Amino acid sequence: SKSNSETQAKQKYAEQRIIKIEETYLLFEKWEVNFSNIYLHHLRCYSGKLNYNQVLELTNKCDLMAPGEAQKLKMLIWVHFPELEENYKEVDLARSKIAKFLCDPEKSKLRAKDFVIAQEAFEATCYKFKKEIGSLAHRN
C-alpha cells in the first residue's frame, strides 16, 4: 500500500540521516583530536618542555586525518546539516585563535598563559559543537 511504502521511505531516510550524523560526529572528533595533538606539542614548547625543532618533528608525525577527511566533514555540514554552519564558524574562529601560537615562541613573543586561554576556549567550543551534532539525532 501507499502509506506502507511512505512509512518505509521515511524510516530509510531517518536511518540514513542517523548514519550521516554519526559520520559527522566521528570526523569532527577525529579532526579535533588531530588539531589538539598538534597544538599540545606547541604548548609544550611555550612552557619550555620542548624546543621548536622537536615540535616540528613531532607534529609532522601526528596527522590522524586521512586525505579528504577534513573536506568530507565540511561537505557533510554544508550539504546535509546547514543548521550547523554557524556553530562550525565558531569552531573555526576558536581554531584560528590557537593557530597564531603554532610557531616558534622565540619569534612570536606570545605568552603561554594566552595560549592556554585560547586552548580552553577551543575545547569548550568543540564540546558545544559535538553536543549540537548529537542533538540532530533527536530532531526529525
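This is a predicted model: local features need pLDDT of at least 70, side-chain atom pairs count only at pLDDT 80 or more; totals for chains, interfaces and linings use all residues.
Helix 6 makes a handy place to start. It covers residues 112-136, which comes to 25 residues. From the first C-alpha to the last, helix 6 reaches 36 Å, close to the 36 Å expected at 1.5 Å a residue. Quite a few of its side chains are tucked away: the buried residues include Phe-115, Phe-122 and Phe-129, and Ala-118, Cys-126 and Ile-133 are also among them.

Lys-20 sits in helix 1, which runs over residues 2-46. With a relative accessibility of 30%, Lys-20 counts as partly exposed, because that value falls between the 20% and 50% cut-offs. Leaving aside residues up to four places away in sequence, Lys-20 touches Leu-76, His-80 and Phe-81. Take Leu-76: it lies 56 residues from Lys-20 along the chain, yet the two C-alpha atoms are 7.4 Å apart in space.

Glu-69, in turn, belongs to helix 3, made up of residues 69-80. Its relative accessibility is 18%, so Glu-69 counts as buried, the cut-off being under 20%. Once residues up to four places away in sequence are set aside, Glu-69 is in touch with Leu-27, Lys-30 and Leu-64.

Methods
Residues are numbered from 1 along each chain as its sequence is written. Side-chain values use heavy atoms; hydrogens and water are left out. Helices (H or I, at least four residues) and strands (E, at least two) are DSSP runs, numbered from the N terminus. Buried means under 20% relative accessible area, exposed over 50%, partly exposed in between (1.4 Å probe, protein chains only). Contact means heavy atoms within 4.5 Å. The expected span of a helix is 1.5 Å times one less than its number of residues.
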